[in-house]
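This report walks through a few local features of one protein model, taken in turn. Please keep the sequence and the structure in view while reading.

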Amino acid sequence: MLSCKLKIKQIAVFHTDTKIIFSILPKQKRSSCPLCNKYGNRIHSHYVRSLADLPISGKLVQLQLRARKFFCRNKSCPRKIFTERFSQDILPYARRLCRSIDVLRSIGLEVGGNKGALISRIAGNPVSSSTILRLIQQLEIEGTTTTSGVIGVDDWAFKKGRNYGTIIVDLERKKVVDLLPDREADTLKQWLLKHPEIHTVSRDRASAYSKGTKEGTKEAIEVADRYHLHVNLRDAFKRVLHKHSTTLKAAFIAFSRPGNREPLLEEEKARSLPTPKCTSNSQRQMKFEKAKELHQQGYRIKTIAKMLQAGPRTIGKYIQHDEFPKRQAPVPQVTMTNFHEFREYLPKFYGKQDYPTLYKNIRDKGFNGKYTQFCSNMNQFIKPDSDNIFFAKIITNKNLVNLEDFLYGITARRPIKKDGSGFSEIPV
């Protein structure tokens, strides 16, 4: 189970329902100092190291290794006491065997920290996402000295919407070459100056990348990447379809009608005629005719609604009508109340009572509208001469209110004045 290089003097096994514990006593008599590499055999003290290993039959495995501390025999060495070193399978200060670390690190490189923690729990070797990320950060990445000469440059996000960097990919080897900390032209320029073998750069259309490429490599060929070429082609195709949408819809209507497979107009006549504007009524007319046709062919209402991208109730209404139903003009909100029943009552109290009091009185008498509807009807019902009387009394008043209160009185149709106690109405 353990490495053959580790000499074991004694071993004991303890197990529970969820864990297997191996208590190990090493056999080696001496160990080398990590600074001066001289062996020491004088024991200072003992301690126990707990090491996690790969699971066995779904149970956690833990090694309790009884390690020692030795005195360094080299008097000139600054480290007087050092801990016992073992084989390469047990690293200094590590809490896991190397094979367990390799498995967790491989999972983290494939799926990341959160998913890796979930998979490790399922596999019987539970760790946190922070542990997996810490193991990945301990890897020593050796940078590629040379590239194939064909690279791709694009941006990537450290944190989406906030921090962005630059990724450089070797397109022939299909490997990531380097990650730059930002998207500045000088950063890309300095990187390209260190790689004179580059002759082709497939880049994003950012101006910073264009400037950095031209300053970093004078002879390199700059090309647009495949993604942006596809995006340009897609956008251009959409613009063409949108420009000729009316002609395409007319052709679709003509082609959908039974027994009519000829084009509406010849190419020369179509160019000379002005392009009609597409309105919402024409779209509804087209859906109405197509819904009637599909219903006669035996399609269900839900299927027709999905095909025409309309609601099932709308399709059902189209099928029930023989002619295209026209939309009715909306009824004005002012005429939806019974305000006309109080036209004789309101002039008696107008000028003596404010709008809230008038509204409360007619509401008790059976008015079925809201306060805003009452104000709108009242503003249309009052005599136009009342506004002139109102303006005359406001202007001749010495205690003229400020502009904001003056406009408020005009809007609410309430003559007001300012006295010692506050604001009060001016009788009209």
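I11 has its place in strand β1, which covers residues 8-15, in what is a predicted model. With a relative accessibility of 44%, I11 counts as partly exposed, because the partly exposed class lies between the 20% limit for buried and the 50% limit for exposed residues. Together with I8 and V13, I11 makes a nonpolar surface patch of about 230 Å².

## Strand β8 and its two partners

Strand β8, made of residues 150-159, runs parallel to strand β11, residues 200-203, and four bridges join the two. Strand β8 also pairs with strand β9, residues 163-170, this time in the antiparallel sense and over eight bridges.

The strands β8 and β9 form a hairpin in which three residues stand between them, and G161, in the turn, has a positive phi of about 90°.

## Aromatic pairs and a cluster

A pair of aromatic rings is described by the distance of the centres and the angle of the planes. The structure holds 14 aromatic pairs. In one of them, the rings of F339 and F367 have centres 6.4 Å apart and planes at 80°, so this pair is edge-to-face. F339 lies in the loop between α11 (312-320) and α12 (346-349), whereas F367 lies in the loop between α13 (355-364) and α14 (371-381), so the pair ties together parts that are 28 residues apart in sequence.

Are F339 and F367 buried or exposed? Both are buried, and for F367 the relative accessibility is 2%. The ring of F367 also pairs with that of F374, where the centres are 6.3 Å apart and the planes stand at 70°, so this pair too is edge-to-face. F374 is buried as well, with a relative accessible area of 0%.

## Charges over rings

Two further contacts bring a charged side chain together with an aromatic ring. The charged end of R42 sits over the ring of F71, at 4.8 Å from the centre of that ring, and the charged end of K69 sits over the ring of Y47, at 5.8 Å from its centre.

Technical notes
Residues are numbered from 1 along each chain as its sequence is written. Side-chain values use heavy atoms; hydrogens and water are left out. Patches are made of residues with over 30% relative accessible area and no salt bridge: like charges are joined within 9 Å, nonpolar side chains (Val, Leu, Ile, Met, Phe, Trp, Tyr) within 5 Å. Accessible areas come from the Shrake-Rupley method with a 1.4 Å probe; for residues, only the protein chains shown count as cover. A salt bridge is a side-chain nitrogen of Lys or Arg within 4 Å of a carboxyl oxygen of Asp or Glu. Buried means under 20% relative accessible area, exposed over 50%, partly exposed in between (1.4 Å probe, protein chains only). Two strands pair if DSSP finds at least two bridges between them. Rings of Phe, Tyr and Trp (its six-membered ring) pair if their centres lie within 6.5 Å; planes under 30 degrees apart count as stacked, over 60 as edge-to-face and the rest as tilted. A charge sits over a ring if NZ of Lys or CZ of Arg is within 6 Å of the ring centre and within 35 degrees of the ring normal.
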